Amino acid sequence: MKNIIETIRKHYPVTDLTIQELISYLTPCCFPKKYQLIKEGVYCKYAYFIEKGMLRAYWIVDGEEYTTSFGAEGCMVFSMDELYYNRKSEEYVETLEDVEAYRINISDLKKLMETNIELCNWGRIIHQNEYRRLHQSHKERLALPAKERYEEFRKQFPEVCKRVNLTYIASYLGITLSTLSRLRNERP
C-alpha cells in the first residue's frame with residue numbers, strides 16, 4: 001500500500017490512526033489489462049485505490065470513445081454518480097495495464113468521509129484538484145491549438161505519455177490520431 005498511502009499523504013496529512021482505519025475497510029484485488037472496473041449504466045459498489053498499474057475513464061457517444069481522464073499508482077477511482085447522487089455510472093473505467101488495487105464499498109467510504117475529519121478533508125482536496133484539472137482541460141480544449149494542447153498534456157502527464165496507447169491520448173486531447181502522430185514527429 002506504499003503508493004496509496006504516499007499519495008493520500010501528499011494531498012493531506014492524515015495520521016497513522018486514520019490510515020489504519022481506512023485499511024480496515026480495504027480488500028486487495030487484481031485486474032488484468034482491458035478489464036472494465038466501472039461500466040456505464042451499472043451501479044458500481046466499490047471505489048478502488050490503485051497501488052500499481054494504469055487506467056482510463058471514458059464515455060461512449062454515438063459509438064465513439066472519448067477519454068476523460070487517466071489514473072495510475074496512488075489514485076482513487078469510483079463512480080461519482082453513485083457516490084454523490086446514488087445513480088448508475090455515466091462512464092466507463094478500464095485498466096490499461098495489469099492493476100493491483102484495493103477496493104472499498106461505496107457505503108463504507110461515505111461513512112468514513114462523514115465520520116473521519118481527516119478523510120473528509122483529504123476527499124475535499126482531491127476533489128478540488130480534480131475539478132481544477134477538469135476546468136483546465138476544458139479551457140485548453142476550447143482555447144489552445146492542438147500542438148499546445150499536446151505540449152501541456154506532456155508537461156502535466158509525462159508518465160501517461162510513456163505508458164498509454166496514443167489513440168487514448170488523442171481522444172483525451174480532442175484530436176485525431178494522425179494529428180497526434182504528426183505533432184509527436186515534429187518535436188525536436
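Which element supplies the largest share of the lining of the largest pocket? The largest share, ten residues, comes from helix 5.

## Basis of the model

This is a predicted model, in which local features need pLDDT of at least 70 and side-chain atom pairs count only at pLDDT 80 or more, while totals for chains, interfaces and linings use all residues. Residues are numbered from 1 along each chain as its sequence is written, and side-chain values use heavy atoms, with hydrogens and water left out.

## Largest pocket

A pocket is an open set of points on a 1 Å grid over the protein atoms alone where a 1.4 Å probe fits, with protein on both sides within 12 Å along at least five of seven lines; lining residues have an atom within 4 Å of a point. The largest pocket holds about 1600 Å³ of space, a volume being the space filled by probe spheres set on the points, which are joined across faces, edges and corners.

Its lining has 49 residues, with S69, F70, M76, E130 and R133 nearest the centre. The lining comprises 26 nonpolar, 14 polar and nine charged residues; Ala, Val, Leu, Ile, Met, Phe, Trp, Tyr, Cys and Pro count as nonpolar, Asp, Glu, Lys and Arg as charged, and the others, Gly among them, as polar.

## Second largest pocket

About 180 Å³ of space lies in the second largest pocket. Residues lining this pocket include F31, Y35, Y43 and Y48, and the lining divides into nine nonpolar, one polar and two charged residues.

Note on methods. Helix = DSSP H or I, 4+ residues; strand = E, 2+ residues; numbered from the N terminus.
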